[in-house]
Amino acid sequence: MSINRCMLLFSRVQHRICAISVRNTNALVDSRCVHFGSITLLKGSLSGSVSTRQGVSSNSSSRPPDTSLFVPLSIKGDVGSDGAVGAELTQPLDKNELLKMLNKFYKRKEMQKIAADQGLDARLFHQAFISFRKYVLEISMLSADLHIIFNDICCGAGHIDDLYPYFMRHAKQIFPMLDCMEDLRKISDLRVPANWYPEARAIQRKVIFHAGPTNSGKTHHAIQRYLAAKSGVYCGPLKLLAHEIFEKSNNAGVPCDLVTGEERTFMDEEGRQAEHVACTIEMCSVTTPYEVAVIDEIQMIRDISRGWAWTRALLGLCAEEIHVCGEPAAINFVTELMYTTGEEVEVRNYKRLTPFSILDHAVESLDNLRPGDCIVCFSKNDIYSISRQIEIRGLECAVIYGSLPPGTKLSQAKKFNDPEDPCKILVATDAIGMGLNLSIKRIIFNSLVKPNINEKGEKELDTISTSQALQIAGRAGRFSSIFKEGEVTTMYRDDLPILKEILSRTVDAIEDIFVSLSQVDGMYFVCNIDDFKFLADMIQHIPLNLRSRYVFCTAPINKKQPFVCTSFLKFARQFSRDEPLTFDWVCRHVSWPLVPPKNIKDLVHLEAVHDVLDLYLWLSYRFMDMFPDANHVREIQQELDSIIQVGVRNITRLIRATETNAPPGTNPLSNQRRLGPSPVSPRRVRGAPKAQDSGVEGWQLDKSLGSRLVQEGLLTPDLLRQLQKEWSKVHRQEEEGVKLVAGNNKTKGNKKKKK
C-alpha cells in the first residue's frame, strides 16, 4: 500500500471519528432535551408534586438514581464509505475471537468498577454489554478505530481493557442520560421548595392562622378580611366552596371572579380580571400580587394526592397577608414551615359557636329517625339501601354523595334545609364534611369504617380518624341553622363506644408518609402519582408530544368509571390526529340528548357522562383550539345536572326499578356491604345469637349462611327477621303474579278449544 494511500485512509479515519463525535454530541443534546423535557415539566409543576410532612429526615443526596427507569435506545450500525478501512489497514476479524474477547472484557471486575464510577451500575453495565456485543458481532464492518483495537488485542499488541472507551461510547449512545446525571441530580433536588417562588420570597408576608373546630367562625373572620382588602384570592378545596365565596363576594358588592379547573367566570363584561378571585386551590396563581390571600382547610396539606396544592399556595402566594384556616393540629407544622421562609405566624384560636353532644344511646332502627337527622355512610350502595328502607316507612329523604354534580348536591341540600319541604331526613357520605351549609340536628354514623388509599396507593378499609369524625360530627347544630345544639350518635349500639373513644382522642399533629422518589427535605414528601401513572399507561401508545402528554396525564378523572376512562382515551386519540373535538362529536359520543334515569344503573351512567363533560371543559382551557365548543358543552352539562337532579329526587323509585329488574336470587346492589354494625365492632369478638334464636326458618337464605352472617356481626337478628319478611312478601307477590299469568294463559287456551 502506498504512502499516499495510507495518508488518505488515515485522514478518512480521523474525519470519521470527528464526524462520529459530532453526531453523538448532537444526538446527546437532542436526547437530553427529550429526557429533560419531562423532568423540566415535572419540576415546573413540582408545585404540583411535593407536599409537606413532619418528623422524617432525608439525606438522599448520596442515594444513587433508580436505574430501573432507564430504557436503552436501539442503535443501528452506521457504516460509511470508510467502513473497510480497518480491514485494509490490518486484517479481517474472526467473529469467534471477537466473542471471546468481549466475554473476557465483561468478566473484568476492574472494568465494572470503573464503569460504575461513570454511573453504569451492574444492571446498566449488563444491558450495555449485551447491546455492545450484539453491535460488534452483527455489524458488517466495524469502524476503523474499533477494528484496529480488536486486531491489536488479538495480536497481543493491546490489552482487553483498551475496549473500555469504545464500550463506554456505546453505553452513552444507548443511555444518553448518563452524561446528564449531574444536571439530573440538580433538577431532582427538591430540598428547598420555598426557593421555587422568588416572587413570594421578595416580599415579607404576614401569616395569620385561624385555628378552630368546625362551626367556630374561623373561615368567616378570614373572609371578612378578604372582602375588606383592595385585592384578594380565596383558595378552597372544592368547587362548591369557591362558588360560595364567589357568590358571597359579589353579593357584598365586591367584584369577584371564579376560577376552577373546568370554569372561568369573569364579572367584567370585557373579560378583564377583577381584583378578587375565588378559586380551587390547584388553580391559584403564585405570580399575581394580592393584598390578602385565604387558604382554607390547611390540614389537607397532609393529603397524599392533593397535599402539593396547599404546599404550593402556602409557600408561593404573593400576598401581603396570608390567612390560613384549619384544624389546630396544623399550627405547629405551619409555624415550622414558615420558619424556613423567615416568616412568623400569628395564631388566632376560635371555639365552636354551638355545642354538640355525643348521645348515650344508638338509633338502632330506622323507625327511630327524627326530623333533622343525617345518616352518614361511606358507600353509595349503603345510601341506596337506607334510602329505600326510609321510603318504605313512608318518609322522604334527601341524598348527597361525592360523585353527584355540584348543582345536584346544592339542590338536595336546599330540599333538606327548606322548612316547608316534607323532606326532613338526609342520607349522605362524608361529602357533607365540607362545602355545604346544612340544618342538621343529629349526625348518625351508619358505619365507622371507610375505604382509604394508603401511602402505597392501595385501597384498604380502616376506622375513620379523629379528624374525619370531628369534621363530620361538627356538621350537627351549625350556627347558621335552625338547630342551635347538635347531637352525634351511631346507628348500631356496638359502634357507639368506639365513636366516643375516637372523638375523645386529640387530633395528631400533622405528619405524613415519605415517598422516596427524589431528594426532599425532611418536611416534605413526594405526593402519590398513581393516578398520573394510570393515565400515562393508558395513553402511552398514542402519539402525543411531551407537553400534551403531560397535560393529559394530569387530567382529574374518576378512574373507577369505565365510561370516563374510555372517553379520556378517545379524547387523546382524537387530539393526536389533530382533529378538533367539536360539540357535535361530543354529543355523538355521549348519545346526547339524554333522558331521565329509569334505574340506578342509568343514574350512575349519567353521573359518568357529567364527569366526561367536566373533562372536556378542563381540557378546553388547556387546548382551546382542539376543544373549541366549551360554551355549548357547558350548556348541555347544566341540562344534564337538571336531569340528574330529577333522578336523585326519585332515587327510591330507581332503586325499586333496579330490584325489580334484577335476576332472581341476585343482589341488585351487588357491591352492597351490609346494613349491620362496623367490622370493627366488638360484636366480632363477643359473638352473637345463633341463627336458631333469630327466627330465620323458612327464609330464602340458607340457614348456615344466615348463621354465619349473624355470628360475624354482618347481620343482626332483628335485621335478619326484617329481611325475611321483605323477601317473603316479594316471593308471595311473584307467586301471585305467576299464578295470574298461568290463569290468563289457561283461559286463552280454553277459548281456543271452544273455537
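## Confidence, helix packing and a buried histidine

The model described here is predicted. Leaving aside its neighbours within four places in sequence, His276 is in contact with Tyr226, Leu227, Ala229, Lys230, Ser231, Gly232, Val254, Pro255, Cys256 and Asp257. His276 lies in strand 7, which covers residues 276-280. Its relative accessible area is 3%, and because buried means under 20%, His276 counts as buried. The side chain of His276 also reaches the backbone oxygen of Tyr226, at a distance of 2.9 Å.

The average pLDDT of the chain is 77, and 71% of the residues score at least 70. Over residues 1-48, however, the pLDDT is below 50, although the model gives this stretch 58 contacts beyond near neighbours in sequence. Residues 512-518 also have a pLDDT under 50, with 26 contacts beyond four places in sequence. Where pLDDT is low, the predicted coordinates should not be read in detail.

| Helix pair | Axes come within | Crossing angle |
|---|---|---|
| Helix 5 (residues 122-138) and helix 7 (residues 164-174) | 9 Å | roughly 105° |
| Helix 18 (residues 530-538) and helix 20 (residues 562-576) | 10 Å | roughly 55° |

With axes crossing at roughly 105°, helix 5 is roughly perpendicular to helix 7. On the side of helix 5, the contact is made by Phe125, Gln127, Ala128, Phe129, Ser131, Phe132 and Tyr135. Helix 7 contributes Tyr166, Phe167, His170, Ala171 and Ile174.

For the other pair, the angle of roughly 55° makes helix 18 oblique to helix 20. Phe534, Leu535 and Met538 in helix 18 meet Cys565, Phe568 and Leu569 in helix 20.

Which residues of helix 21 are buried? In this helix, spanning residues 583-590, they are Trp585, Val586, Cys587, His589 and Val590. The cover over these buried residues includes helix 20, helix 22 (600-620) and helix 23 (630-649). Just after helix 21, Ser591 adopts a positive phi of about 60°.

Key: Residues are numbered from 1 along each chain as its sequence is written. This is a predicted model: local features need pLDDT of at least 70, side-chain atom pairs count only at pLDDT 80 or more; totals for chains, interfaces and linings use all residues. Side-chain values use heavy atoms; hydrogens and water are left out. Helices (H or I, at least four residues) and strands (E, at least two) are DSSP runs, numbered from the N terminus. Buried means under 20% relative accessible area, exposed over 50%, partly exposed in between (1.4 Å probe, protein chains only). A polar contact is a pair of N or O atoms within 3.5 Å; within protein, one must be able to donate a hydrogen and the other to accept it, and residues adjacent in sequence count only if both atoms are side-chain atoms. Contact means heavy atoms within 4.5 Å. pLDDT is the predictor's confidence in each residue, from 0 to 100. Axes are lines fitted to C-alpha atoms, for helices over the stretch in contact, and angles run from 0 to 180 degrees between N-to-C directions. Angles under 35 degrees count as roughly parallel, over 145 as roughly antiparallel, 65 to 115 as roughly perpendicular and the rest as oblique.
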